[in-house]
Amino acid sequence: MADSTDSRTPPPPSAAAPPAGGSDAAYLQRRTLRRGSAGWLLLTGLGVAYVVSGDFSGWNIGLAEGGFGGLAIATLLMGVMYACLVFSLAELSAILPTAGGGYGFARRALGTWGGFLTGTAILIEYILAPAAISIFIGDYVESLGLFGLTAGWPVYLACFAVFIGIHLWGVGEALRFSLVVTAIAVAALLIFAVGAFTEFGTDGLNDIPVDKEAFGANSWLPFGLLGIWAAFPFGMWFFLGVEGVPLAAEEAKDPVRSMPRALAISMAVLALLALVTFFAATGARGSAAVQDAGNPLVVALQGDGDPTPLSRFVNYAGLAGLVASFFSLIYAGSRQLFALSRAGYLPRFLSLTSRRKAPYLGLLIPGAIGFALAAGTGDGARMLNIAVFGATISYALMALSHIVLRRREPGLHRPYRTPGGVLTSSVAFALALSALVATFLVDKDAAFIALAVYGVALAYFAFYSRHRLVATAPEEEFAALAEAEAELERDR
């Protein structure tokens with residue numbers, strides 16, 4: 001093992017450069033997050049908050065792609081993918097507890113190109129998803145008749161302004177707010193399940209008409225075997241976002257211990273919620289009734305009849321779930337942007353932090369972009385499909401990072417080790433690639449839009465930012481230390 005003095009030799013100027021103007025210490029001092037703000041409970045709440053809105057709406061569209069059986073198998077396979085990915089990320093986050101999350105892991109394993117590819121994919125997910133959810137919040141506000149408002153730009157603007165304001169107040173306050181709203185949403189899902197299971201019947205599960213021309217079609221797989229694959233993106237909705245927990249590593253208390261614990265508990269809670277929500281909603285009213293519903297849980301409780309006290313409660317709770325996911329995804333996007341900017345992959349001014357250690361430009365600029373997209377398009381479904389495309393790319397690259405680090409650096413200190421090792425991350429990698437291809441089956445336009453955005457970002461990196469990386473940024477320093485140690489080992 002190399003001694004610490006030798007191994008801190010910075011990489012050559014072609015790979016990274018010091019910040020322009022001022023010392024390294026001054027540069028990083030202006031880009032510091034509030035450490036020790038989140039324990040394992042707040043991190044667990046964050047993991048569930050990212051995802052919980054997907055239990056209230058969105059997943060049910062997968063019934064129109066694969067039927068009950070197709071979506072059930074797709075959800076099971078996507079659950080396996082997320083479980084394998086989460087266990088892999090738990091190991092990686094214990095090795096590299098920085099705000100870069102998946103980008104930092106890929107930077108260490110796959111180099112600067114791998115880091116940027118991963119970070120950009122994550123950023124696409126976390127900028128597009130809040131924009132889409134703000135539209136859904138507007139629809140809920142209108143349907144519930146709250147304040148006499150109708151869905152439109154004033155509601156979207158209020159969402160971004162209020163919740164970004166809470167984030168600017170401080171990360172501890174933000175995560176505690178998120179935990180409370182998430183707890184309300186989770187409690188509502190469990191109450192919904194109790195009410196819906198009183199009307200459960202198996203006859204309605206397979207009531208979607210069978211497409212007799214589809215290969216392998218039957219009553220449980222009305223759209224055949226291909227329907228399973230087409231339902232992958234919707235099976236992801238029960239888990240989409242939980243991989244963002246490591247983005248809070250730099251602000252966590254004892255991240256080496258708390259991060260794996262929070263990831264494991266979050267995944268267990270989400271798997272339970274997926275199971276009870278899926279079966280309760282389809283069993284209470286039938287798959288055909290909820291497949292196209294914007295609020296499937298409410299439809300499952302009342303059908304075409306008058307609202308009941310329970311359905312009204314679930315409707316309000318659905319709004320709480322949307323708020324929880326919107327709020328937490330804003331947090332994730334700001335931390336990913338902060339890390340990429342601090343290391344020089346994106347303009348460096350985006351990583352400046354306030355006196356309360358909040359990356360204010362990393363919150364305000366993505367918020368402005370998200371608001372503009374929501375107000376300008378009003379197409380939440382399309383934006384979520386673009387977000388899913390970015391997510392699947394990042395999953396494949398993060399799983400690959402785990403595989404590469406296990407193979408290339410077997411002696412690396414790992415406070416937490418992934419159960420199953422490389423086999424676990426290999427399963428996540430294969431399923432992530434399958435889900436990526438499935439996005440083209442669902443919405444080709446969304447996939448090509450995401451590719452176009454990706455292409456512009458890669459051109460920026462290739463011709464500009466890769467020559468201006470900051471060697472003293474944590475993710476770059478980790479990579480430099482690894483490179484120096486590897487050189488010393490080769491020279492022995």
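1. First, some ground rules. This is a predicted model, in which local features need pLDDT of at least 70 and side-chain atom pairs count only at pLDDT 80 or more, while totals for chains, interfaces and linings use all residues. Residues are numbered from 1 along each chain as its sequence is written, and side-chain values use heavy atoms, with hydrogens and water left out.

2. Let's start with the aromatic rings. Rings of Phe, Tyr and Trp (its six-membered ring) pair if their centres lie within 6.5 Å; planes under 30 degrees apart count as stacked, over 60 as edge-to-face and the rest as tilted. By this rule the model has 25 aromatic pairs. Phe116 and Phe461 are a stacked pair, because their ring centres are 4.5 Å apart and their planes lie at 10 degrees. This pair joins distant parts of the chain, with Phe116 in helix H6 (residues 102-143) and Phe461 in helix H18 (residues 444-463), 345 residues apart. Helices here are DSSP runs (H or I, at least four residues), numbered from the N terminus.

3. A second pair worth a look is Phe160 with Phe326, which is edge-to-face, at 5.0 Å centre to centre and 75 degrees between the planes. Phe160 belongs to helix H7 (residues 153-169) and Phe326 to helix H14 (residues 309-342), so the pair ties together parts 166 residues apart in sequence. Phe160 is buried at 5% relative accessible area, and Phe326 is buried at 0%.

4. Ring pairs also connect Trp59, Phe68, Trp220, Phe238, Phe278 and Phe279 into a cluster. Elsewhere, Arg261 lies over the face of Trp40, 4.0 Å from the ring centre (the rule asks for NZ of Lys or CZ of Arg within 6 Å of the ring centre and within 35 degrees of the ring normal).

5. The contact (heavy atoms within 4.5 Å) involves Pro130, Ala131, Ser134, Ile135, Ile137 and Gly138 of H6 and Val155, Tyr156, Cys159 and Phe160 of H7.

6. Helix H5 (residues 62-95) packs against helix H16 (residues 380-408) at about 50 degrees, with axes 10 Å apart, and the two are therefore oblique to each other. Among the residues in contact are Met81, Tyr82 and Leu85 of H5, and Tyr395, Met398 and His402 of H16.

7. Please check Asp254 by eye. Most residues other than glycine have a negative phi. The phi of Asp254, however, is positive, near 45 degrees. Asp254 sits in the loop between helix H10 (232-235) and helix H11 (255-285) and is partly exposed, at 42% relative accessibility.

8. Finally, Leu226 is in helix H9 (residues 224-230) and is exposed, at 52% relative accessibility. Ser354, in the loop between H14 and helix H15 (360-377), is partly exposed at 23%.

Technical notes:
Buried < 20%, exposed > 50% of the residue type's maximum accessible area, 1.4 Å probe, protein only. Axes fitted to C-alpha atoms, helices over the stretch in contact; angles between N-to-C directions. Parallel < 35°, antiparallel > 145°, perpendicular 65-115°, else oblique.
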